[in-house]
Amino acid sequence: MNPPRRWILAMAAALTMVGCSNSPDSEPPSSAPASSGSPTAEPSPTETSAFCLDLETYQVGVVAFRADVGRAAGGEPLDIKALRQRAAMISLMGKNMKASAPSDIAGEFRAVRKAIATSSGKLKAGTQVRDVVSPLYGKGINPAFDALNDYECGSAAE
């Protein structure tokens, strides 16, 4: 199986797992407290937002995209077609998530989306590797990638 196809299958599997495990229709764990009218018994809107439901899959996609682009800095050739497909999937997912991004991560989320868009916009025949790599790595953008990668929905509300 070629690498682009493996990546697409991995993303599909991740989407399925996250979608199934975070389904609002799934039954709560047996250790969950019964609804007693207290504000903590109900999940916050943030935890059931498109952003939070898709966050883990988005994080995997971003890490994979950065790693693939980063390998080019180590001398591997860029697979422009595959990287553009990955960037398009990440971009579409991010577009669907952006309206419900919690305010405590929204700035970093926008910065990551912009960095991926900038990098993928440079994915053309004859491009310089540094033009594709530099939007994704560096002192200015690394904190945004780190914050988004470490972010967990619901942790800020507690």
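Modeller: Gladly. This is a predicted model. The structure holds 1 cavity of 30 Å³ or more.

Biologist: How much space lies in the largest cavity?

Modeller: A probe the size of a water molecule, rolled over the atoms, shows where empty space is left. For the largest cavity, the space comes to about 40 Å³.

Biologist: Which element supplies the largest share of the lining of the largest cavity?

Modeller: The lining residues are Tyr-58, Gln-59, Val-62, Val-63, Phe-145, Leu-148 and Asn-149. They divide into 5 nonpolar, 2 polar and no charged. At least two residues each come from α2 and α6. The largest share, 4 residues, comes from α2.

Biologist: What is the handedness of the disulfide of Cys-52 and Cys-153?

Modeller: The sulfur atoms of Cys-52 and Cys-153 lie 2.0 Å apart. The pair links distant parts of the chain, with Cys-52 in helix α2 and Cys-153 in the segment after α6, 101 residues apart. The torsion about the S-S bond is about -90°, so the disulfide is left-handed.

Biologist: Is Cys-52 buried or exposed?

Modeller: The cut-off for buried is under 20% relative accessible area. Cys-52 has 9% relative accessibility, so Cys-52 counts as buried.

Biologist: And how far apart are the end C-alpha atoms of helix α4?

Modeller: Helix α4 has 16 residues, 106-121. At 1.5 Å a residue, α4 should span 22 Å. The model agrees: the end C-alpha atoms are 22 Å apart.

Biologist: Which helices do the buried residues of α4 pack against?

Modeller: Those buried residues include Phe-109, Val-112 and Ile-116. The buried residues of α4 pack against α2, α3, α5 and α6.

Methods:
Residues are numbered from 1 along each chain as its sequence is written. This is a predicted model: local features need pLDDT of at least 70, side-chain atom pairs count only at pLDDT 80 or more; totals for chains, interfaces and linings use all residues. Side-chain values use heavy atoms; hydrogens and water are left out. The expected span of a helix is 1.5 Å times one less than its number of residues. Buried means under 20% relative accessible area, exposed over 50%, partly exposed in between (1.4 Å probe, protein chains only). Contact means heavy atoms within 4.5 Å. A disulfide is a pair of cysteine sulfur atoms within 2.5 Å. On a 1 Å grid over the protein atoms alone, a cavity is a set of points where a 1.4 Å probe fits but cannot get out, and a pocket is an open set with protein on both sides within 12 Å along at least five of seven lines; lining residues have an atom within 4 Å of a point. Grid points are joined across faces, edges and corners, and a volume is the space filled by probe spheres set on the points. Ala, Val, Leu, Ile, Met, Phe, Trp, Tyr, Cys and Pro count as nonpolar, Asp, Glu, Lys and Arg as charged, and the others, Gly among them, as polar.
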